[in-house]
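Let's take a friendly tour of a ligand and the residues around it. Have a look at the structure first.

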Amino acid sequence: TERTFSIIKPDATRRNLTGKVNAVIEDAGLRIVAQKRIRMSRDQAEKFYEVHKERPFFGELVDFMISEPVVVQVLEGENAVARYREVMGATNPAQAADGTIRKLYAESVGENSVHGSDSLDNAEIEIAQFFTDAEIVG
Ligand code: GTP
Ligand code: MG
């Protein structure tokens, strides 16, 4: 079994969708083994999205992620990284498959409700940015 890192983004927390997103996650067979609601600092958001820092939307993305609280999570299950990417749906909600979180709830490519790690290596790095080992209860 694997672990992946998830963020319920400000557009979703603002609309009180934390529970609905979690229901999709749990129905998909993923277990939420750590979770907390935080307000990301600008430093945290810039570091988290460092790979995108040359992209034209970087400033907008960071501003969005710190605009309101987010819920950070660790999800556990078989093939958790790929499984969660599947459950999230395409980055652009207009292209997301039926039943995915982004199809159900996301508003735009920028405000797309959730983040999920794109590889096992990144999952480990991202989890360590927000959780200590003691906070993860499998
Ligand atoms: P994450 O799970 O959030 O990493 O999404 P992703 O892996 O599906 O997409 P990617 O890593 O390519 O982009 C990271 C995030 O940048 C996306 O989830 C969007 O929130 C944001 N993003 C990507 N493209 C655009 C864009 O054209 N405009 C804006 N405003 N944001 C974008
Ligand atoms: Mg990504």
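This is a predicted model: local features need pLDDT of at least 70, side-chain atom pairs count only at pLDDT 80 or more; totals for chains, interfaces and linings use all residues.

Residues are numbered from 1 along each chain as its sequence is written, and side-chain values use heavy atoms, without hydrogens and water.

The shell around ligand 1 holds 15 residues, each with a heavy atom within 4 Å of the ligand. Lys 9, Arg 85, Thr 91, Asn 112 and His 115 are the closest. By type, four residues of the shell are nonpolar, six polar and five charged, with Gly counted as polar.

The table gives polar contacts (pairs of N or O atoms within 3.5 Å).

| Residue | Atom of the residue | Distance to an oxygen atom of ligand 1 |
|---|---|---|
| Arg 85 | polar side-chain atom | 3.0 Å |
| Gly 110 | backbone N or O atom | 3.2 Å |
| Asn 112 | side-chain N or O atom | 2.9 Å |

On its own, ligand 1 has 590 Å² of accessible area, and the protein covers 81% of that (Shrake-Rupley method, 1.4 Å probe). Helix H4 (58-65) and strand E4 (114-116) are the elements that give two or more residues to the shell; helices are DSSP runs of at least four residues and strands of at least two. Arg 85 belongs to helix H5 (residues 80-88).

An unreviewed UniProt entry places the feature "binding site" at Lys 9, Phe 57, Arg 85, Thr 91, Arg 102 and Asn 112; such annotations may be inferred rather than shown by experiment.

Technical notes
Chains are lettered from A and ligands numbered from 1 in the order in which they are written. A polar contact is a pair of N or O atoms within 3.5 Å; within protein, one must be able to donate a hydrogen and the other to accept it, and residues adjacent in sequence count only if both atoms are side-chain atoms.
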